[in-house]
Amino acid sequence: MRLEPIPNPSALRRFGLPTGALALTVLIASALALLAGANPFATLGLILKGAAGSKFALLETLNRATPMIFTGLAVAVAFRAKLWNIGAEAQLYGGAIVTVLLGTGALPLPSLLLLPVIALAAMLAGALILLGPVLMKTRLGVDEVVTTLLFNFIMLLFVSYLLEGPMKDPMGMGWPKSPALDKAARLPRIVEGLRLHWGFALAILSAIAVWVIQTRTTLGYEIRAVGLNAEAARFAGIPVGRVMVKTALLSGGLAALAGFSEVAGLKGNLTLDLSPGFGYTGIIVAMLALLNPLGVVISAIFVAGVFVGADSMSRAAGVPTYIADILMATALLTMVLALKLTTTRVRWR
Amino acid sequence: MAGREGAEVVLRLDGITKRFGPLVANDAISFDLKKGEVIALLGENGAGKTTLMNILFGHYTADAGSVEVFGQTLPPGHPRAALAAGVGMVHQHFTLADNMTVLENILLGTGSLLSARLNARAAKAKVQKLSADFGLSVHPDAKVGSLSVGERQRVEILKALYRDARILILDEPTAVLTPQETTALFETLRKAVALGLSIIFISHKLNEVMAISSRVLVLRHGRLVGEVATAETDRHRLAEMMVGAEITAPKLADRAPGAALMTLTGIRTAPRGNAPGLSGIDLTLRAGQIIGLAGVSGNGQSALADLIGGLEMPTGGTMVLHPEHSGDWSPRAALASGVARIPEDRHKTGTVADFTLTENAVLEAYENAPYSRKGWMDWSAAEGFAKKIIETYDVRCPGPEAAIRLLSGGNMQKLILGRALEAGPQIILANQPVRGLDIGAVTFVHNRLIAARDAGAAILLISEDLDEVMALSDLIHVIYEGHLSPAFPRGEKTPAELGVWMAGQGFEGGADAA
């Protein structure tokens, strides 16, 4: 078996293969539904309905997509520079901790002032959490995949300690949770009466901002050059280490916004189950979007839709909700494979 | 060696065609190779030589056509079948394991290691006999890592011979050799031919083709455009066949050198891996002068290039720029001081393959106005610059928004050259500026460098191609194990004399290491 590059892939390849990947995903999901003893069409229909079948469902999907847009952007920004940030989960919790610290009466400010201050402080916390691993990478050559991944566990244990100790809610009846945020520190809903909060708008704005940074600014140019060919970048005089650090600060800050938005917009306090792995899902979201920041919004909504839809389908059809995880995994694998095959031809023998 | 009409045909290529997308890399190529002859496969880069040999050896599958060895048609896509039929290939980049001995490398892949060990004595005897028969002196028990480049190539040839190859394919075998080593290689090839082997010799060095081959096949744009007996042609006609147009050698008018622009005194750098660092180099770059640096690769050229290019700091000695530079020495400092750099590897260091021409054009200047202001890129200014380079330097491309990886090596190099020269440099570091380029592009790059010299730039030309160094340089230094020879004025030394220096003789304490 041999791989040959295709210099100019045809339109059929460029659109047909990803479509085929999607079809394969649906096919596998159908098979699984059959295996669970349900009608595959009904199952898929229920997932679709649960994800976008009503205003309520759609808003729920967008709500669920919000933290994934942030973590997806964090991953997309970092991966663009070939900085493998697997630690968006840790940075998310960093942002959440700061949100609780500053949002429970520490700063007597009006809401309009308080929220931006908290958001910026949260970003700073996330940035600092990633600063350690990236400095170890640029100065000592320590693999950031390992350090950022391990930081997730350190951070979770730290949050656990905080929730059992200094940050424990005295009124929490012994549950490991933080006190609730003040009203001024809560992100309001975009439309009164509907669950969607301003965190979603912030996520969209962040995606646009990242896109502008990548395509229009000097830093974005540097990040792309470093990611595509660090050796050529260094030769041309681009300070590769410094660009890596700037990328890390941006990436960590974006991931922290996920924590801020979840605590201030949705939950209102910090618990250990604040994130069901949004940091890791961010990797899937970013990969599906081919690291394109605007694509991240779409892929995050898609991923969120699958999860929300599967939840609701599971209640109605009795197919386990794990089908969502399998769907996600198949979608990612087939899509990545399809995209590779768009530019590569496989020759047997 | 002419007049082999009656000789047995050992290899026959019939109508080989290979397409990569819209590109026809090989277009219905047919030829015969006869027993005991050396044919040279000549062509510019991208003419299809390597593709053709990869098809012959089974690395690629042809879209049409067949390969016949000793009357048997080879199944396409099976290197093992080619090996078994007696075809041996010596690649330009060696495929040897450094930590194993010569004998182990030769035996690698010939059978299970266990049985190979049992037969080690017989194998060693066979290798020694081959060494003697073909004049390939190399100790079978030496570790490959300790061998010189010339010796490693001998191991590669022994590898093929050990597998009873009757047809040898040599891909640019002299690119890494000193003139003396090249002579030795040619001796070996002549012995091989005398023993009835047949050889395909791939090269773009015309004098070598003239020296070794009995027949020359010329490829151009994937097509076989000429087939001549070597005795009936000359270098000039071969060059014309290669490029399809008349070519002229670069002309260097006499010119008095100007002021010193960079002075290196006693410069030392740290060694890197197997390659030595610089050990006390004195070098002065003067305005309006081309200094050529000859030498076998891996003797400190990269260290010197990186030093001047701002990628490396010296560990000793002084480096003075005129006008003086203060502060850290870095690529940016080098660029700001008027040092333009043409890097050795245009794919790895010179360009970002997936960037557009525009993005690559501003790679070194992106931070400066007008390309960026206050952190924002001005892409229309950048595109304007790219268009200017494309026009002025005749870069053939689909447009400034095309990815640079779509360009041929020559056009890529023209963009790099344009990027470097448009900055109006005082000093130009040209590291292997024409390696792998076709003759048209070579002439273009050389003429531009000469024009820059005539306009008053100081140029350091680093090249492994002695002909290039001798044709272009006002002064020639030879570099060997991090030491620099005295400066030889243009025309003072013959290639053979320089070759002696390249092998390390003449240097203080260096003769023994040759």
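In chain A, the loop between helix H3 (55-80) and H4 is where you will find A:Lys82. This is a predicted model, and its backbone does something worth a look here: A:Lys82 has a positive phi of about 55° although it is not a glycine. Most residues other than glycine have a negative phi. How many other C-beta atoms lie within 10 Å of A:Lys82? There are 15, so the residue is partly exposed.

Further along chain A, turn to A:Leu290, in the loop between helix H11 (278-288) and helix H12 (293-317). A:Leu290 is likewise not a glycine, yet has a positive phi of about 55°. With 13 other C-beta atoms within 10 Å, A:Leu290 counts as partly exposed, because exposed would call for 12 or fewer.

Now go back to H4 of chain A and look at its packing. Two packed helices are described by the angle between their axes and the distance between the axes. Helix H4 (residues 88-103) of chain A packs on helix H6 (residues 144-164) of chain A at about 30°, and their axes are 8 Å apart. Angles under 35 degrees count as roughly parallel, and H4(A) and H6(A) are therefore roughly parallel to each other. Their crossing is left-handed. On the H4(A) side, the contact is made by A:Glu89, A:Ala90, A:Tyr93, A:Gly94 and A:Ile97. Facing them from H6(A) are A:Phe151, A:Asn152, A:Met155, A:Leu156, A:Val159 and A:Leu162. By class, this contact has eight nonpolar, two polar and one charged residues.

Let's move to chain B, where three strands form an open sheet in the order S12-S11-S14, with antiparallel pairing. Strand S12 (279-286) and strand S14 (316-321) of chain B are the edge strands, each pairing on one side only. From one strand to the next, the twist averages 5°. Strand S11 (residues 260-268) of chain B is joined to S12(B) by six bridges, and the two run antiparallel. Which residue in S12(B) is the bridge partner of B:Ala260? That partner is B:Arg286.

Chain B has a backbone feature of its own. The peptide bond from B:Ala369 to B:Pro370 is cis, with omega near 0°, whereas most peptide bonds are trans. B:Pro370 lies in the loop between helix H13 (357-361) and strand S16 (372-373) of chain B.

Finally, see how the chains meet. Chain B gives 27 residues to the contact and chain A gives 18 residues. On the chain B side, the elements that give two or more residues are helix H11 (331-336), helix H12 (346-350) and strand S17 (376-377) of chain B. The residues on that side of chain B divide into 13 nonpolar, nine polar and five charged.

Technical notes
Residues numbered from 1 in each chain as written. Chains lettered and ligands numbered in written order. Predicted model: local features only at pLDDT ≥ 70, side-chain atom pairs only at ≥ 80, totals over all residues. Contact = placed C-beta atoms within 7 Å. Helix = DSSP H or I, 4+ residues; strand = E, 2+ residues; numbered from the N terminus. Nonpolar A, V, L, I, M, F, W, Y, C, P; charged D, E, K, R; others polar. Pairing = 2+ DSSP bridges. Axes fitted to C-alpha atoms, helices over the stretch in contact; angles between N-to-C directions. Parallel < 35°, antiparallel > 145°, perpendicular 65-115°, else oblique. Left-handed = near helix turned anticlockwise from the far one by under 90°. Buried ≥ 20, exposed ≤ 12 C-beta atoms within 10 Å, placed from the backbone.
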